[in-house]
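Have the structure open and follow along.

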Amino acid sequence: MMPISLTEWKVELENTWLDSLSPFQLLLLTLVVISTLMAVFLVVSVFLLMLVRNRKKRWADALQARIEDGITIWLAGDYSIQELIITFQQEIKKDPRAIKIILNVIFATSKLFRQEGQSALRQLLTGLNLHQLCYKLLKNWHWYQQAYAIQIIGQLQLEHALPLLKRKLKTKNRTLRLELITAMFALGGQSWLQEMDYTTAHLSEWEQIVLLERFRRLNIDQLPPFETWLTSTHTGWVLFGIRLCRHFNRFDQVLELGNLLTHPDKKVQMAVLDAFDYLGSPEIVPFLIKYMPQATGDRLRTTLRVLGNQGDPDLVRFLIPYTEHPDLSIQVSALSALKEMGLTKIELRQLSSNPQYIDHMFDPKRP
Amino acid sequence: MSFSFWVDILSCIFLSYTLMLMLIYVVSALVSYRVIRQHVAETSFVDFRQILTSPLSPKISIIAPAYNEALNIVDNAKSLLALEYPNFEVVIVNDGSKDDTLQRLIDAYQLEKTSFLVQQQVECKEIIGVYKARDEAVSHLTVVDKRNGGKSDALNAGINVCAGELFACIDVDCVLERDALLRMIKPFLEETDKKVIATGGVIRLANDCVISDGRLIEINVPRNLIARAQVLEYMRAFLLSRVAWAKINGLLLISGALGLFDKQTVVEAGGYSHKTVGEDMELVMRMRRMMEERKQPYAVRYIPDPLCWTEGPTSWDILGRQRNRWTRGLMDCLKFHRKVFFNPNYRTMGMISYPFWFFYEWLAPIVESLGLIFSIILWILGIINGSSFWLLLATVYSYAVCLSCLAIWVDQKTYLQYRSKRDLGRLLMIALIEPFFYHPFTVYSSIRGNIDYLRGKKGWGSMTRQGLSKPATPASTS
């Protein structure tokens with residue numbers, strides 16, 4: 001049989017089969033072709049991804065090991081910084097992708113050090129001119145590149161970047177904002193956080209938890225401008241302010257916190273009660289006595305518990321009416337608080353119409 | 001009207017149904033991929049362990065119902081107790097087991113019966129006793145002994161006993177990632193203008209994976225073809241579909257194997273229903289309905305990270321029963337909540353999610369079977385020629401393979417769970433062959449489920465599990 005050319009084959013196909021297809025069949029055929037091509041593309045892509053990833057990983061692992069060794073030897077004093085910089089610059093010259101690995105290693109290593117160690121690594125970073133790369137990354141289109149740069153700036157204390165960070169404080173991206181606050185806090189730019197958009201932007205519970213933990217780890221005495229946050233129209237900022245007071249034992253803020261018990265948001269009221277419970281100062285008592293009649297549910301239970309924790313017998317008379325509260329859980333809370341204040345089992349039995357609660361309260365097996 | 005008129009009408013219905021389904025899957029896959037990429041980028045900046053020391057973390061109660069789980073219960077409890085979270089308790093509910101599930105727990109953790117005030121917030125059968133450990137190290141373990149009432153009843157008992165603001169319901173034999181709770185709590189805490197009422201997580205199959213001390217050590221693609229096909233099916237469902245539904249706040253199902261719920265909302269909605277075998281989906285639908293009727297802003301979120309590993313059925317018999325039960329559960333849910341069907345008052349739930357589940361989850365196996373029968377009849381009658389018939393089948397087949405490949409690709413680009421060439425080869429091979437043997441069987445089981453539902457069949461049917469990295473053990477769910 002004579003071989004036919006591609007053009008001839010196409011013509012033959014059109015004349016014989018494609019021509020005979022109805023529009024419906026053509027639609028199906030198109031779908032088959034598209035799906036098959038797509039599937040083939042995906043399969044090839046999966047295997048290519050795997051090959052590239054494995055090759056890149058081998059290269060990156062080897063380079064990372066060399067960089068880590070170099071930094072270890074340098075930190076041990078067997079290498080001068082100039083020698084190290086030259087070595088790293090040669091790596092970058094060989095393959096520009098090495099910059100990212102070097103930056104990663106310096107960043108990761110800096111987390112293991114404080115003060116002098118960090119200062120040495122900062123010197124290395126600036127010696128390699130990588131701080132400029134960080135500043136450049138701050139202008140990157142992708143938020144995650146910016147966030148990464150901010151992490152490095154905060155970790156390695158690149159104070160010159162503070163004005164650059166300040167410009168970004170109004171960002172809407174929450175991850176970026178979280179990193180910005182942390183970095184500014186680490187750089188000692190707490191007062192600049194005043195510029196934060198705490199009047200229109202929310203601060204979530206998640207951000208609060210993460211920030212409080214990061215602040216605690218940074219071990220810095222100076223707090224951000226939480227006094228102004230307490231007056232924000234957004235509950236998140238108010239809550240954060242209250243929680244900062246609690247975490248950093250700000251007894252001097254009891255008055256401001258007490259006034260927040262009249263805040264319309266129940267979460268804020270609850271956070272104040274929680275802060276009071278933690279601070280435990282006698283100055284909180286008048287606020288709680290005043291607050292009790294308007295509190296319900298969880299907030300009333302917590303108020304009773306906080307008062308009970310005061311252990312002041314003078315407060316017994318305020319708590320007794322709640323032993324007859326229609327809500328069973330409030331009754332139990334009031335009785336528990338009275339127990340904390342030193343009332344005996346017999347005295348409590350006289351107050352309660354349900355003696356089994358009292359037995360339960362004094363049961364040593366009670367969880 | 002002539003016969004050919006009806007043939008044309010039916011052909012149009014089947015064709016537009018198929019094209020619409022294809023379009024929905026493609027759109028949801030694209031949306032899911034985008035969301036997962038964003039999620040992975042965001043979580044790379046989060047050190048979840050940072051919140052391990054935070055006193056602000058809300059308390060989570062893990063509720064694990066157990067029925068005749070004596071052989072593995074101690075190991076399972078150990079695995080749950082070792083989860084990473086600052087403030088949590090584990091509540092194991094012994095749902096009237098006939099074996100010595102309770103006694104094994106008592107012996108292993110030196111439990112003793114405590115005086116415990118149980119508030120009957122949601123309906124459940126009598127609680128016989130509440131046990132706590134003497135050892136402070138496991139003070140966060142509570143074991144509830146109750147009369148047998150089924151999974152939903154056991155979960156309700158756990159809700160009545162637990163103290164957390166949030167509770168996670170899990171299957172006791174699942175393996176959770178150590179940081180599963182840390183990851184699942186995030187959506188509840190990061191939302192500022194809506195109340196998050198529930199969060200679901202990705203479930204993956206652990207058959208043939210290496211598990212030691214309740215921890216996943218090595219991920220493998222199962223050797224068993226039925227289990228392997230389910231790996232692919234779970235990847236398609238969890239990676240390409242649910243993420244997109246959560247993005248538009250339209251998720252109706254949070255798998256019973258792992259879900260985190262706002263306790264107050266669940267209690268207000270009435271807890272788990274005893275009337276259905278699809279209690280997980282029914283609860284989410286009821287909670288959503290309640291929030292919509294109250295006009296309260298809410299969200300049901302979803303974490304695309306693989307958080308929970310479970311054992312999939314490895315025999316046709318068990319798989320068939322599982323799918324049969326899922327279908328009956330789905331039909332119950334659709335029936336109980338038919339009020340929301342295309343009801344604009346229920347917004348996304350009424351106008352998008354419910355209709356999708358109705359047309360493309362419940363009706364899909366029926367339409368698919370009818371469509372196939374219809375095409376064969378047309379071919380036999382000579383109304384369509386052989387080319388059209390085979391082209392139809394080829395379209396469906398190539399699309400199914402393409403979708404499976406897309407799921408594998410998304411996994412490779414994001415979580416990279418299966419790294420070896422062997423595993424990838426196995427997955428691609430099953431993507432090519434599962435439309436011939438696995439998919440038809442699941443369709444058949446769903447249709448059986450429909451028939452059983454109409455016959456009034458209730459109950460779970462017995463399930464046998466091999467046990468994850470443990471000796472094979474027969475067990476049956478309540």
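A crossing of two helices counts as left-handed if the near helix is turned anticlockwise from the far one by less than a right angle, and as right-handed if it is turned clockwise. Keep that in mind for the helix pairs further down. One caveat before starting: what you're looking at is a predicted model.

**The two chains**

Start with the overall build. Chain A is made of 20 helices with zero strands, whereas chain B has 13 helices and 12 strands. With a radius of gyration of 23 Å, close to the 23 Å that the globule rule gives for 478 residues, chain B is as compact as a globular protein of that length. Chain A is another story: its radius of gyration is 33 Å, while a compact globule of 367 residues would come in near 21 Å.

| Chain | Box of C-alpha atoms | Buried residues |
|---|---|---|
| Chain A | roughly 110 × 75 × 45 Å | 31% of 367 residues |
| Chain B | roughly 80 × 50 × 45 Å | 47% of 478 residues |

Take the contacts in chain A between residues at least 6 apart in sequence: 64% of them join residues at least 24 apart. In chain B, residues 24 or more positions apart account for 78% of the contacts with a separation of 6 or more.

**Where the chains meet**

How many residues of chain A are in contact with chain B? The count is 37, and they touch 37 residues of chain B. On the chain A side, α2 (23-75), α7 (143-155), α9, α10 and α12 each supply at least two residues. The largest share comes from α2(A), with 16 residues. Sorted by class, the side of chain A that touches chain B has 19 nonpolar, 10 polar and eight charged residues.

**Helix pairs in chain A**

Two of those interface contributors also pack on each other. Helix α10 (residues 205-218) and helix α12 (residues 235-247) of chain A meet at an angle of about 30°, their axes 11 Å apart. That angle makes α10(A) roughly parallel to α12(A). Their crossing is right-handed. From α10(A), the contact uses A:Gln208, A:Leu212 and A:Arg216, and from α12(A) it uses A:Gly236, A:Leu239, A:Phe240, A:Arg243 and A:His247. By class, these residues are three nonpolar, three polar and two charged.

Further along is the pair formed by helix α14 (residues 266-279) and helix α16 (residues 297-310) of chain A, whose axes come within 10 Å and cross at roughly 15°. The two are therefore roughly parallel to each other, and here the crossing of α14(A) and α16(A) is left-handed. On α14(A) the contact residues are A:Lys266, A:Gln269, A:Met270, A:Leu273, A:Phe276 and A:Asp277, and on α16(A) they are A:Asp298, A:Arg299, A:Thr302, A:Thr303, A:Val306 and A:Asn309.

**A leucine in a loop**

A:Leu169 sits in the loop between α8 (162-166) and α9 (174-186) of chain A. Is A:Leu169 buried or partly exposed? With 17 other C-beta atoms within 10 Å, A:Leu169 is partly exposed, because being buried takes 20 or more. Setting aside neighbours within four places in sequence, A:Leu169 is in contact with A:Leu180, A:Glu195 and A:Met196. A:Leu193 lies 24 residues from A:Leu169 in sequence and 7.9 Å away in space, C-alpha to C-alpha.

**Helices in chain B**

Helix α1 (residues 3-43) and helix α6 (residues 225-247) of chain B pack at about 75°, with axes 7 Å apart. They are therefore roughly perpendicular to each other. In α1(B), the residues B:Ser28, B:Ala29, B:Val31, B:Ser32, B:Val35 and B:Ile36 meet B:Leu239, B:Leu240, B:Ser241, B:Val243, B:Ala244 and B:Lys247 of α6(B). This contact has eight nonpolar, three polar and one charged residues.

Finally, look at helix α5 (residues 180-190) of chain B, which is mostly covered, with eight of its 11 residues buried. Those buried residues are B:Ala180, B:Leu181, B:Leu182, B:Met184, B:Ile185, B:Lys186, B:Pro187 and B:Phe188.

Methods:
Residues numbered from 1 in each chain as written. Chains lettered and ligands numbered in written order. Predicted model: local features only at pLDDT ≥ 70, side-chain atom pairs only at ≥ 80, totals over all residues. Axes fitted to C-alpha atoms, helices over the stretch in contact; angles between N-to-C directions. Helix = DSSP H or I, 4+ residues; strand = E, 2+ residues; numbered from the N terminus. Parallel < 35°, antiparallel > 145°, perpendicular 65-115°, else oblique. Contact = placed C-beta atoms within 7 Å. Nonpolar A, V, L, I, M, F, W, Y, C, P; charged D, E, K, R; others polar. Buried ≥ 20, exposed ≤ 12 C-beta atoms within 10 Å, placed from the backbone. Rg over C-alpha atoms; globule rule 2.2 N^0.38 Å.
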